[in-house]
Structure formats: C-alpha cells, structure tokens
Amino acid sequence: MSNNSRPDGAVQYLTVSVAGQTLGIPVLQVDDVLGPQRITRVPLAPPAVLGSLNMRGHIVTAVDVRRTLGFAAAETSARMCVVVEHKNELYSLTVDSVGEVMSLSAGELAPTPITVAPVWREVSKGIYRTPEQLLIILDVDRLLAGLAQQDKAATTQALAA
Amino acid sequence: MDDLLKEFLTETAENLAVLDLELVKLEQTPNDPTLLGNIFRLVHTIKGTCGFLGLPRLERVAHAAEDVLSKLRAGEMTTTPEMISLILKALDTVRFILGELETNESEPDGEDSALIAQLHALAEGDAPSPDAVEAIFCSQTQEAGECAGEAENVEALLEDIKNGLSQLERAEVLNLAASIAPLVAGVAIDPERDLEIRPEPVAPPNLVVVHDRDKPAPVPAAKAEKSETPAPQAAASGESAVAGQTIRVSVDLLENLMTMVSELVLTRNQLLQLARNRKDQDFLAPLQSLSLVTSELQEGVMKTRMQPIGNAWSKMPRLIRDLSIELGKKIDLQMIGAETELDRQVLELIKDPLTHMVRNSADHGIETPEERLAAGKTESGRIRLEAYHEGGHIIIEIADDGRGLPLDKIRAKALKNGLATEAQLAEMSSQQIQQFIFRAGFSTAASVTSVSGRGVGMDVVRTNIEKIGGTVELRSKEGSGSRFLIKIPLTLAIVSALIVEASGERFAIPQVSVLELVRARGDSEHRIEQIQGTPVLRLRNQLLPLVRLRQLLEIERSGAEEQPGGEDYVVVLQVGAMNFGVLVDRVFDAEEIVVKPVAPLLRHITAFSGNTILGDGSVIMILDPNGMLASMGEVTAHAPEEASAAAGPADSRQALLLFRAGEGAPKAVPLSTIQRLEHFPARTIEWSDGRFVVQYRGGLMPLMPANPGVQRIESGSQPVLVFEAGGRSVGILVDEIIDIVEVDFAADLAGSQPEILGSGVIAGKATELLDTRPLLALAAPSTLLSAA
C-alpha cells in the first residue's frame, strides 16, 4: 500500500457502513461509487452474489458485503455500490451506505484486536481509532477471495451430495 | 524476453513457414533462380541474425544449409528430392531450437553434427567445386571453433556486424554499437562463431565487408530485405514495397480495440433506443451519422481480426510432400481461395482439424500410383482445398479423387464394434453408413501408419468444429473420392442470439443451437404432457424431453402459482445428436450480441457460456445449451411430485402409457407405475453379466426388453420406461412410445400369458395391459427378495 500513502504519510479511505459497522476502503482501490443500480440476477450464483450490472459498458459482478460476511440481507434494495478491482475483474461491493473520504495517518493503523468478532477480523487489515468510532480497514482482496472459496466449498459439497 | 530476441523469433517463424512452401515449390520447378534466390536470402537472414544474437548452435545448422543452397544458386548442383528433404530437415532443427529458445531463452544443449556433416557432404559431394579457395574456406569453417584468435575471426566478426547492421533500424544502431564494441576489442571473445562462406568473394573480403557496412546502416529499410544478394534484386524490392505497407501490431492491442468498439456499438444502440422514444428532431441527424461511423468503425476493426485462411493452410504443401514420399504416392495439392478471410480465433481453432482431414485424405483417400492406374485414373492423386464465403459463414471443402470411403469396411467395422446389427446396416443408405466414421474410435485404416489409423479421428474433428458452431458434411462415392464440407461462422465475437424470458428474467440463447420454436398451448396442435411431473412434448412423432428454464435455473417465483399463460414456448435446441426443448415464458427478438466471459466468481455455473449487455443497457446471461444439457439430469431428478399427487384421481379413469414392443397389439402400462421415460443413445447401452445395462444417474441400471420381440436399436436412441423396484431403477426397453391416454380401462379379456394382465380397447385398438412385475423381478431379483 505504499502507493496509497501521500508524502505526509496519510492514507485516504472511503468509509462505508455495513450492518452498523463502519469500514474503510483505501481510496486508490476504488474505481467508482454508484448509486442504486439495476442489477441482473444471476441464477445459481452464490447467495452473496447479487448479480451483474452494467457500469459504462463494463459488466461488473455485484457482491453483497452483508451476505458475504454472513449477515442477513438488507431490507432495502436501494443501496450504494463501491466498485473495486480484484484480479483484473471489476466487482461492485454493495454496502448499506457510503460515508466520506478520510485522510488518516498510516502510522496510526493498529492491528486488529483479537476481541473483534471473527467475521470482521477475517477481512480486516487493521483498525483506526477515530474520535467518533472504530474504523475497520477492509481487506478487499481477502473478502473476495473468501467469497470464491465459500463458493468452491459449496460446489464440492453439492457434488459430494 | 529480450525485444531483439523476440523479434527474431517471430520473424524467423514467419520466414520458416515461407521457406517450407518455397522449398516444396522448388522441388517441382528445380533450379528456378527466383525461388532459389528467395530461399537463399531467407536462410541467409536467419543465419546472419543468429550469429549476431549469439546463437551458435542455430547458426551452425543454418550455415550448413546455406552452403548447400549457395551451391544450388550458383548452378553448381541440381536440386534432388533428397536434397530438399535434407534442407527441410535442417529447417525442422532450426524450428526445434527456436521452440526451445522461446521457452528457455537459451539454446538447448546438444549437437547437430550428424545433420551438419550430411549437409556438408551434400555441399561438397557433388561435382568438385571450381573454386578452390572456397573449399579451403569450408575446411576452415569447421576448424574455426578451435583456432580462436586467428585473423579469420576478425573477418567473421565484421561479417556478423554487417549482418547485424542491415537488420537494424537506425535507432537500434547505437545500441548495437555498444554491444559490438567489446567484440571488436577482444577478437577472441567468441570462439564459437565461425566464418561465413560467401561464394562470390574472391576479392579481398575485407573491402567488401566494409563497403557493405557503410551502405545499409543508415537506411532504415524493411528488415526482411538484404542488399546481400544481387540476383533476386527484383523480387526483393517487390517484397519491400509490400512490407512497407504493413506493420506489426500486437494482438492484445487489436483485441482491446475490438472490445472498445463493441462497447461503442452497444452505447450507440442505447442511444438509438432512447432517440426512438423522443420527438426531439435535433438529435436525430448527428445520431444518424454517429451510428453510421460506428458501424464502419466496427466493420474496420472486425477486418483487423480477419486473416486469410491460407495461414492455416501454409503447412499443407509440406505435409503433403512428406506424406507422399513416406507413403509412396503421388499427390497434387490444390488450394483455392486461400485469401478467404476469417476471424483469427476461428482460424486457430480449425487449424488442427483441417490438418487432420488433409492427412486423412492423403493417407486413406489417395491410392498408390499403381492402384490408380489400374483403376483407370491419372497416376497422381489430387487433393483440393477450397474456401469461400456463403452467407455469414465460411465454407471449407476438402476433396480428394481417391478411393472414397470403403462402405464394406465401414459396415464390417460397425458390426464388429457393435454399433449396428446386420439388419440395420442392410437398411441404411450409404450416406448413413459413411456417417459412422464420425464415431469415436472408428478408423478403417488397415494398418497403423505413422500418419493415421490410431483411432483418434474424425470424431475429434467433428467435436472441435461443432465447438465453434460449425458443421461437417460428408459426401463420398466409393471409387471416385470423398468430399468434406465444413461450415463455420465467420466470427465468434459477435453472435446472433435469441432473447427469451423465464420468471421475468431475460436470457440469451445462441441461435446456432436453436432448431425451432414451438408454441405449445393447451389448445394448440402441440401439447405439453406430463409424465410424473416431467414435461414432454410430442413433436412430429418424436418424444422431446423438455426442461423448464425457471426450474433449471432455480428461479421459480416463490409462492406464485404457475399462471396458465406462462411457459407457452418451447425452444428446441440441438446439442450434438441430442435434441431437447426448453420451456420459456416469452420469446423476444433475435439480437446480435457481443459475448463477454463470465466473472470468475460465476464461472462454475455450467448453464452459462457468457454474458453481454443488450441494447437497452441491461446485462443478460447467455445460456450454454451444452451446459444446460449436462445439468438437466440433476434437475429432473428432483422434479416436484405434484403430478403424482394429482395422479390419484377419485374416478376410475387412469392414465396409461401406450407403447409398442415387438409384434402384435400395442401395450399399455399404468402411467403412475412409471418413474420416468428415457431415451438412451444406442451406444450407451452396454452388455454386462448376461443382460443389457446402461449407466444411469451414477449407477448401472439393468434393461429388460418388454418382450423378446423388442428390437434393440443400434443407432439413434432407444426408448426406455424406467420403473422402480425395491429402491432401484429398472429400465424396460420398448420399440416406440405411442401416447399417453386417460381412459376408463376395463380388461375385456383376461390375459393368456403371465405377463399380460388383460386386453382391452384403447383408442379403437386392442391393447394389452402389461404386468411389469415379473419383468422387474427378473431384472432385479435380489431387491425383490429383500422386499419379500
């Protein structure tokens, strides 16, 4: 993440909210932030995959961050999408709401305490303590890699059955 | 990899392909000076460049070949087939080393001394050279490795430099100068480098070299060009004019352009759709011109992906030449329409099947000269490759005037492999019999040659062609040759697709797999019938298995009852030899779509082959008929039991399945006892432990003929009624499934045989009601025992 830091050692994060928790996504990883989108459902896809959407001619796979982390699906469908790139593919992370862009000093990033719920610890790169709240820095690659794994496990299970 | 090396590899690969062709031509017109000049120049280029790049092994081989060629060019020898073979062999070695270079970036270990010795023998063996100096030079060449530091090496280096300079563009000269400096400074740096033997220089070579070096360097000429050879000057300059008009562009760049243009087209379509709904006239004119320009741009970019099919044919002359020598046949190869263009991607995919088929024609098709003369044909056989456009397709014909497909042999083989019975073969047309060659493991080659007869054959060819949406047709007449017609789409990037809807979601089905659309309403001619919850459609006397798209994709609306208006349309799809119907709610237009791969996260879903963006901007999944067929088994396995629940009616009417089995009256069994109806392809039915079995849902299912009169079909598919006996499936083979009727059946006559419960009249015909229990007991005795 060295390219993420500015000369003064500050890193910019986009804050989003998922299931009541505020998460930070490094701004440089974010391709775009979209409002509620028309999403084409993909049958037989893992439950956490909401479907595909068209972002200016690119097909983007929409992933529900809530479902990926094992939370219940959100009640409202009008949610925000943060488009990120992972292994040369575009993914839209559907989150409950998008906050602001924060500049935080790289040196203040603390390791995730082990007392944090495993759900969050799994996908956390570290934690920032801001005056208002605890900000978990989301490891996007781990989140999406985990999703692919879940999916693989499900497939093997289905095959075994 | 080093840019210079990379460039050398691509260039040399191209040169080698040209060399193959030219050498075969040379063999037909021996000592043609233009051809020889060309060939010499190409080999010389290869040699020169590898000397410069420091590839000693490669250089030695090229050098030895060049020696022979230079003799030929000087008119000191005449070309013989042996000579051509040897040079071709040298080129193969070059090709092998290049392959290694590409993977390892260094030359492989090893020696080609045997080959080189042969080449040298050839170069010297014939009439002794008039030029004594050259002979000396030749012997020095071989010693050059050892006598490092001798004066000749300086000359060799200078020669290398000269070759190198003429290879390079101006910008590279400086670079080169830097790398040359140490070479010139320390003469003995590379002892591996040997001398270049040029036939002409009797004059002090130094002068020539220096002179030459000064000339070509500042001219950023086309690289393939050499000022080296004076004889084919005309041919060379002609080529440079062409070379100046083309540039090398990386495939990635073109692919990228193609994607961008596809996006542009999609956006244009969206705009047009928007404009249609507006009254705003100001927009229309610029939009029209945008649309026009976009179309032309698309066309232009599509053209950049196009390559002449000749690229896939370039290996054929060499192949035919080698084969004719090996097999002792005389074969003329005709290639017509080599300039016919098709998509790069498609070209790659048909290369191998085409090669295979040409090889087949040469090996199986064309007879030996004696056989041909005896049959009253010309001594040499002919293979004709022809390509042309027809509609949105390209047609490739591979025809030979050989012996044609031997029907008797095919018959015998089919019989031996259990693909058909004698009776069935007797009824088959010769066309049908010929189709057997597309079956797996079917080769009629009497003996296994190095060429063919190894059982990997036409079935693979057919599968590969079908994979890209193509078809193969075969016409053959015994004694006068065979003709294969391959029809393939021009491009894979844009396909025509049928847009359908199920449960409110739209999907695209590639048009190539769609056979027909059937509207199946309750009151229409075609009616969807249910067998234990599994829908079937009787279409022109064929029982078509159906699958509900919404069920296959698990997108049934929860709670919502099936509306009577829904699932009206059956899209009949063909996958290989299998036809099946897909039930959808609505059918929209056909649309041209740009296929995009599915995200890796979703790639495991076999039902989809890709996705795309439609004109209205929405993303849509493209269904893969192959994948659908694969997952169909699973879906129908857990079909809802609704039908069986409904099958217990209060009245005495019962649903009966009518079928034909053996001689006599139609037979009937209560529909409720049948688990499923299946059609098994004949080849999947196997004989094991004294009975027929078929692999079914991961296990073996025994198959019993309904009675001894049932014909076991050897081609096509056999209808089977699947019953359940003691927890396992048992199949009963029948000849034909006639109908499903709902009648108030009362046996008018008690059965006279144990397996017939009674006879009655159904649909105006005497029908026997079959007791399936004895049959099932026979098929699965153990299960019955345990049940008792």
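Leaving aside neighbours within four places in sequence, Ile509(B) is in contact with Ala497(B), Leu498(B), Val500(B), Val514(B), Val571(B) and Leu623(B), where contact requires C-beta atoms, placed from the backbone, to lie within 7 Å. This is a predicted model, in which local features need pLDDT of at least 70, side-chain atom pairs count only at pLDDT 80 or more, and totals for chains, interfaces and linings use all residues. Residues are numbered from 1 along each chain as its sequence is written, while chains are lettered from A and ligands numbered from 1 in the order in which they are written.

**Nonpolar cores**

- The largest nonpolar core holds 81 residues, of which Ile25(A), Val63(A), Val82(A), Ala508(B), Ile509(B), Val571(B) and Leu623(B) touch the most other members.
- Apart from that core lies another, of 38 residues, including Ala312(B), Leu342(B), Leu405(B) and Val472(B).
- Such a core is a set of buried Ala, Val, Leu, Ile, Met, Phe, Trp, Tyr and Cys residues joined through C-beta atoms within 7 Å.
- A residue is buried if 20 or more other C-beta atoms lie within 10 Å of its own, exposed if 12 or fewer, and partly exposed in between, with C-beta atoms placed from the backbone.

**Contact between the chains**

- In total, 22 residues of chain B are in contact with 19 residues of chain A.
- Helix H11 (251–276), strand E17 (608–613) and strand E18 (619–623) of chain B are the elements giving two or more residues to the side of chain B that touches chain A; helices (H or I, at least four residues) and strands (E, at least two) are DSSP runs numbered from the N terminus.
- By class, that side of chain B has 13 nonpolar, 5 polar and 4 charged residues; Ala, Val, Leu, Ile, Met, Phe, Trp, Tyr, Cys and Pro count as nonpolar, Asp, Glu, Lys and Arg as charged, and the others, Gly among them, as polar.

**Helix H11 of chain B**

- The 26 residues of H11(B) should span 38 Å at 1.5 Å a residue, and its end C-alpha atoms are 37 Å apart, which agrees; the expected span is 1.5 Å times one less than the number of residues.
- Ser262(B), Val265(B), Leu266(B) and Arg268(B) are the buried residues of H11(B).
- These buried residues pack against helix H12 (281–305), strand E16 (586–594) and E17 of chain B.

**Strands of chain A**

- Strand E7 (residues 89–95) of chain A is mostly covered, with 5 of its 7 residues buried.
- Strand E5 (residues 58–64) of chain A pairs with E7(A) in the parallel sense over 4 bridges, and Thr61(A) stands opposite Tyr91(A) in E7(A); two strands pair if DSSP finds at least two bridges between them.
- Strand E6 (residues 80–86) of chain A pairs with E7(A) in the antiparallel sense over 7 bridges, and Leu93(A) in E7(A) is the bridge partner of Val82(A).
- The hairpin of E6(A) and E7(A) has 2 residues between the strands, and Lys87(A) takes a positive phi near 50 degrees there.

**Sheets of chain B**

- An open sheet of 5 strands in chain B has the order E2-E4-E5-E7-E6, with mixed pairing.
- Its edge strands are strand E2 (331–336) and strand E6 (471–477) of chain B, each pairing on one side only.
- Strand E4 (residues 381–390) and strand E5 (residues 393–400) of chain B pair in the antiparallel sense over 8 bridges, and His389(B) stands opposite Ile394(B) in E5(B).
- An open sheet of 6 strands in chain B has the order E21-E25-E26-E24-E23-E22, with mixed pairing.

Note on methods
Contact = placed C-beta atoms within 7 Å.
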